[in-house]
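Take a look at it first, then we'll go through the pieces.

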Amino acid sequence: MTYDAIIIGGGHNGLVAAAYLAKAGRKVLVLEQRAVLGGAAATEEVLPGFRFNTGAHDAGLFRQEIIDELALEKHGLSFISSPVAAFTPRLQADAPPLILWNDLKKTAETLSAISEKDAESFPRYIEHIRTMTAMLDEIILRTPPNLFENRFADLTPWLKSGLKFKRMGKQDMMAFLRVLPMSAWQFLDEWFESERLKGLLGSTSIFGSLQGPMAAGTAFMLFYQHLGAQNSGLASSRQIKGGIGQLSDALAAVVRAQGGEIHTETPVQKIVFENGVATGVQLQDGEIISSKIVISNADPKRTFFELVGARHLGPEFNRKVRAIKMKGSTAKLNLALSALPEFVNAPSGQEHLQGHIVICPSLEYLERAYDDAKYGRFSEQPLLDITIPSLLDPSLAPEGKHVMSITMRYAPFVSKKADCEHYGNHVRNKIIDTLADYAPNLRDCIEHSQVLTATEWQREYGMTEGSILHGQMGLDQLLFMRPIPGFGQYHTPIENLYLCGAGTHPGGGVTGAPGRNAAKEILKKR
Amino acid sequence: MPIPTPFHSRTAALCKSHEWRDWAGYLAAVTYEPTHEREYWAIRNSAGLIDVTPLFKYEISGPEALAVVDRIITRDASKCAIGQVLYTPWCNEAGKIVDDGTLTRLAEDRFRVTAADPNLQWFEDCAFGFDASVRDITAELGALALQGPLSLEILRKLAPHAEIEKLKFFRQLETKMAGIPVEITRTGYTGDLGYEVWCASTHAEKVWDLLMDAGHNYGMLPAGLAALDISRVEAGFLLADVDYFSCRKAVIAPQFSSAYEVGLGWAVKLDKSDFVGKKALQQEEQRGSQWAFAGLEIDWPELEKLFAEFDLPPQITGRASREGVPIYKNGKQIGKVTSSTFSPILKKYLALCTIEAQHAKIGTEIEMEVTVEYHRKKAPARVANTPFYDPPRKRATF
Ligand SMILES: Cc1cc2nc3c(=O)[nH]c(=O)nc-3n(C[C@H](O)[C@H](O)[C@H](O)COP(=O)(O)OP(=O)(O)OC[C@H]3O[C@@H](n4cnc5c(N)ncnc54)[C@H](O)[C@@H]3O)c2cc1C
């Protein structure tokens, strides 16, 4: 039997693509190498009773259009929002705690105890960043035009975006063009004086990249992250009930309801093609499954160099794919806790712990953390982004206990085997040591821990060099240049082979946008 | 600033003209004597010794070397025996020429490629994903071309046991000259009987001395690029950057050339395994090419008449010209001459041109622009077969 489409990878984007194709009446088969769906956005029971978001935690970026079009809420998807966006613990008791709320008024109140000036700037900042973000919002669900071919039909949808851009008015248009290539540091410096506030706001700027906040173009990620934020100025603080894996389960339910098939623990070994036309896939056990088209949810390097093979692609194409910057820098420590740790100098109650707990006292702290990574070492004083999802969703842990996930930057990808061996343990110790300064009883609360570094992202989750965005999201790797110039339309040099993962426009994060865009593009053609 | 070749101590001492040119970053003598004439006639009547070290040289080796080479070139490397040499172009994915040169199979899993331009990055890109490595060996090897009817006799004196007379056209052998290991290929850029001698650059001076000594009684002369350039036009050989542009240097569409458009269609093997540019070349072959490469013979009596209008004898440069000149048919421009020369041995005014394919048939009458006393004129010319000069000894077996 021949499928209309085989999707390699049951990450959320693969499932979104599969759902749209299935909904359009295509016979689809999703093949996922792991036992669980979701890829970098999965929920896994690492220890009995403890369910962790092993990769992504925050679901604020996921597109409402997709939720509506696929009726995901009917398939069991529901969100929980925290009133608090972020809290930054502090070692010294010399100043009030810094908390960003989704309620602008509350944030301004908190800030006025830190800096009157910043408290006053903050609402204007939110307005500004929203204007910038609106422009991004406009292009996320559009296929980038192929500037090499200049087909008018490709460009027409962008006329609307162009018009919208024009309607921003001269001043905002200028501002948009001015801030895009800026560093987060420079951008935030123009707005605020408090190092703590800048450190917290800037902590998202280096999401998924091996760059410091002083690097040009890092301001972009502030806007991208803000797509999921409400009024916090930071990122979203919206989690999925039952864990982020529920998103993939809901998507899988849509696929199955439309007659699609999903096989887990089924790694694809090779993409099969004849005369430059993809005809199916070969599994690790040698079985060949044929299909009219093949869609890869794996990142571009894995797709082209492992599943297709460089020798079957042109040297010019290979050179561009090799040049994709995708060195990972994110590690994650998942902790099963017997009790909630207590943070020093923190307000009473638990509300402030429901969003992100961020350790990034200043942008300089972050830039210095990057200094280590620049030379291949993990940060002596790392950025920690901590969540305790069980606070708002007790179903994730046994009663009275908690799951805590700590995303650490930077723990750069190491390629030498000898370096990999103890890397995870060193990273684990570094995270716990750092956090224990802020939460002295942390160690007593830990029942179990799981550490995931770039090595594990690559080996177990299939993300080349541990790049959680399937390629850094610098300005040179966005839009029609994602994954590489000339191939921004989800197609590949192999006919009937498409990409649908985070390595394509608009990029990484749990947006579902690459999957939806790819499916729309494919349906337009066939 | 160009650097000296490993033969420089010898060539510099002989270069009375002091006329040097930058050839691929090396100093290369244009003529040794004040004019090139004797050097040209040495190539055609006895032998000329030319320092061709500046050619870029690469070694591709490893278990999958053959697959890599076959991916790069348009000819079929699997049909290249050990000790065989192939002249071949290589193209980019759009079928446009990157460069041209020779491929020598040194062993089952080892090849040497010569090129006009740097190709290390390109070859490495082509080798990515294969079990093979690419090395730039340009500086490690000295290369001398010994070209002309007496070249065989001279080499035989130096390597009497090597049976060089049995070496066939486009074959290679390894031997020793006075104890120095050398490689000899029956190749060259003059269209005559000729050989190229390859040696470690550390042995270069010694090899030069041996050849000069052996050639002394045969009227052999060191020859520079001016003499070589006339010979290669007579032989109908392409020169990169002159007769075509590498796709890496072309900036606008008309500057790109496919392998077909430079007259190398015979070297494009569409029936072999996949190679870079195959798809595009296949399509071009079916569609037909826009341009063709052709030889031209300019009508001398008519040229004389054009000059006679101004009471002048024909004035053309004594050397080969690399100037681009428009060519016309019925008053419409149909291409350009890219190299031209007066051929001393054929006594003809010859040119190589890129011409609209429909006008490339042998015998087609066209016109070439000439400037006579600052006036633009058109001289009649005829599309002619290349090589213009093709002595049987070039490929003869002895
Ligand atoms: C620690 C961490 C924290 C993050 N935090 C956030 C966050 O808070 N918010 C946010 O929006 N984003 C976050 N991200 C980023 C986000 O998770 C990813 O960018 C996104 O999930 C990528 O989705 P995808 O479907 O494109 O790719 P993936 O999720 O990588 O899916 C690819 C799938 O393909 C499978 N696969 C690969 N090769 C094969 C093969 N040969 N055969 C079969 N299957 C194969 C993989 O197993 C995987 O399931 C985070 C990521 C990490 C790792």
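What follows goes from overall shape to cores, then to sheets and salt bridges. Keep in mind that this is a predicted model.

**Chain A as a whole**

Chain A has 17 helices and 18 strands. Its radius of gyration comes out at 22 Å, close to the 24 Å that the globule rule gives for 526 residues, so chain A is as compact as a globular protein of that length. Along the principal axes, the C-alpha atoms of the chain fill a box of roughly 70 × 55 × 45 Å. Of its 526 residues, 62% count as buried. As for the surface, chain A exposes about 20,200 Å², and carbon and sulfur atoms supply 50% of that.

**Cores and a covered helix**

In soluble globular proteins, nonpolar side chains tend to be buried together. Here, the largest nonpolar core has 55 residues, and those with the most contacts inside it are A:Y125, A:F187, A:L201 and A:F223. Helix α4(A) gives the most to this core, with nine residues. A second, separate core has 39 residues, including A:Y20, A:L70, A:I293 and A:I295.

**Strands in both chains**

Next up is strand β6 (residues 84–88) of chain A. Five of its five residues are buried, so β6(A) is largely enclosed by the rest of the structure. Four bridges join β6(A) to strand β7 (residues 98–101) of chain A, and the two run antiparallel. In that pairing, A:T88 has A:L98 as its bridge partner. With strand β14 (residues 356–359) of chain A, β6(A) pairs in the parallel sense over two bridges, and there the bridge partner of A:F87 is A:I357.

Over in chain B, six strands form an open sheet with mixed pairing, in the order β10-β11-β12-β9-β3-β13. Its edge strands are β10 (172–177) and β13 (221–222), each pairing on one side only. Inside the sheet, β9 (residues 141–147) and β12 (residues 194–200) of chain B pair in the antiparallel sense over seven bridges. B:L146 stands opposite B:Y195 in β12(B).

**Salt bridges**

A search of the whole structure finds 54 salt bridges over all chains.

| A:E138 | A:K164 | 3.3 Å |

The chain A pair links distant parts of the chain: A:E138 sits in helix α4 and A:K164 in helix α5 (residues 152–167), 26 residues apart. A:E138 is buried at 13% relative accessible area, while A:K164 is partly exposed at 37%.

Where do B:K249 and B:D117 lie? B:K249 is in the loop between α7 (225–234) and α8 (278–287) of chain B, and B:D117 is in the loop between β7 (110–115) and α4 (120–127) of chain B, so the pair ties together parts that are 132 residues apart in sequence. B:D117 is buried, with a relative accessible area of 10%, and B:K249 is partly exposed, with 38%.

In the remaining row of the table, B:E163 counts as partly exposed at 41% relative accessibility, and B:K166 is exposed at 55%. Elsewhere, salt bridges that share partners join B:R44, B:D192, B:E234 and B:R393 into one network.

How values were computed:
Residues numbered from 1 in each chain as written. Chains lettered and ligands numbered in written order. Predicted model: local features only at pLDDT ≥ 70, side-chain atom pairs only at ≥ 80, totals over all residues. Heavy atoms only, no water. Pairing = 2+ DSSP bridges. Core = buried A, V, L, I, M, F, W, Y, C linked by side-chain atoms within 4.5 Å. Buried < 20%, exposed > 50% of the residue type's maximum accessible area, 1.4 Å probe, protein only. Rg over C-alpha atoms; globule rule 2.2 N^0.38 Å. Areas by Shrake-Rupley, 256 points an atom, 1.4 Å probe, with all protein chains shown as cover. Salt bridge = Lys/Arg side-chain N within 4 Å of Asp/Glu carboxyl O.
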